[in-house]
Amino acid sequence: MAELKNVTLTIDGKQVTVPEGTTVLQACEKAQSPVPFYCYHPGLSIAGNCRICLVEIDLPAAPGAAQAGKMPKPQIACYAPVTDGMVVRTASDNVLKARQDVLEFLLINHPLDCPVCDQAGECWLQDYYMRYGLYDSRVNENKIKKRKAIPLGPTVMLDSERCILCSRCVRFTDEISKTSELGIVNRGDHSEITIFP
């Protein structure tokens, strides 16, 4: 079996060396420049659907090219593999604005009643809003109300109103328990997790 080579990149001005195949998100953790995430879990496949782990990436110049290539838009760190000479910025103005926009989208239909929420301050969504959000919503329409306390089995209840569709539970039943009983149904703001018939 071939040995993995090491890759050296720069994250927020700090050089870090990681094994080839590491994602930018994992490299940022090692560089102590953590990036926010919801859908990523090291034991599951990468879905890349929450979009909160955005970072700016500059790629090294290709052989024969005049200059390095700055990627035109922020990229999701959970899916981007590291490359030698890559430069990553996790807290630029552009990245922070993009995260704020993603949070606004995730919270469009989310109830903003944090003081009475069951999570009682143990919520990444609330933490990230306090760190990256703090905006006045541009949406003046009524929120789509989803169902609460949906029994998914004898020991699991789903609060669909609080679900942001990170798909971790769906991927867990597909990849770990291999029972595949959960799925996402409907489209747009009516999408929700449910049990297959």
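How many residues apart are Trp124 and Tyr128 in helix α3? I started with this pair in the model, which is a predicted one.

**Entry 1: the aromatic pair.** I looked up helix α3, residues 124-133, and found Trp124 and Tyr128 to be 4 residues apart, so about one helical turn separates them. An α-helix has 3.6 residues a turn, so residues three or four places apart point the same way. I then took the ring geometry, since a pair of aromatic rings is described by the distance of the centres and the angle of the planes. My count of aromatic pairs comes to 4. Trp124 and Tyr128 form a tilted pair, with 6.4 Å centre to centre and 45° between the planes. Trp124 has 40% relative accessibility and counts as partly exposed, whereas Tyr128, at 8%, counts as buried. I also find both rings in one aromatic cluster, together with Phe37, Tyr38 and Tyr40.

**Entry 2: strand β1.** I turned to β1, residues 6-11, and sorted its faces. Val7, Leu9 and Ile11 lie on the covered face, while Asn6, Thr8 and Thr10 make up the uncovered one. I checked its neighbours next. β1 pairs with β2 (residues 14-19) in the antiparallel sense over 6 bridges, and I find Gln15 of β2 as the bridge partner of Thr10. The hairpin of these two strands has 2 residues between them, and Asp12 takes a positive phi near 50° there. With β6 (residues 87-89), β1 pairs in the parallel sense over 2 bridges; Ile11 stands opposite Val88 of β6.

**Entry 3: the cores.** Which residues touch the most other members of the largest nonpolar core? I list Leu9, Ile11, Val24, Leu25, Tyr38, Cys53 and Val88, out of 38 residues in that core. The elements that give it two or more residues are β1, β2, α1 (24-30), β3 (54-59), α2 and α3. I recorded a second, separate core of 5 residues, including Ile150, Leu158, Leu182 and Ile193.

**Entry 4: helix α2.** I checked the span of α2, residues 93-106. Its 14 residues reach 20 Å from first C-alpha to last, close to the 20 Å expected at 1.5 Å a residue. Which residues of α2 are buried? I noted Val95, Ala98, Val102, Leu103 and Leu106, and with them Arg99, Gln100 and Glu104.

How values were computed
Residues are numbered from 1 along each chain as its sequence is written. This is a predicted model: local features need pLDDT of at least 70, side-chain atom pairs count only at pLDDT 80 or more; totals for chains, interfaces and linings use all residues. Side-chain values use heavy atoms; hydrogens and water are left out. Buried means under 20% relative accessible area, exposed over 50%, partly exposed in between (1.4 Å probe, protein chains only). Two strands pair if DSSP finds at least two bridges between them. The expected span of a helix is 1.5 Å times one less than its number of residues. Rings of Phe, Tyr and Trp (its six-membered ring) pair if their centres lie within 6.5 Å; planes under 30 degrees apart count as stacked, over 60 as edge-to-face and the rest as tilted. A nonpolar core is a set of buried Ala, Val, Leu, Ile, Met, Phe, Trp, Tyr and Cys residues joined through side-chain atoms within 4.5 Å.
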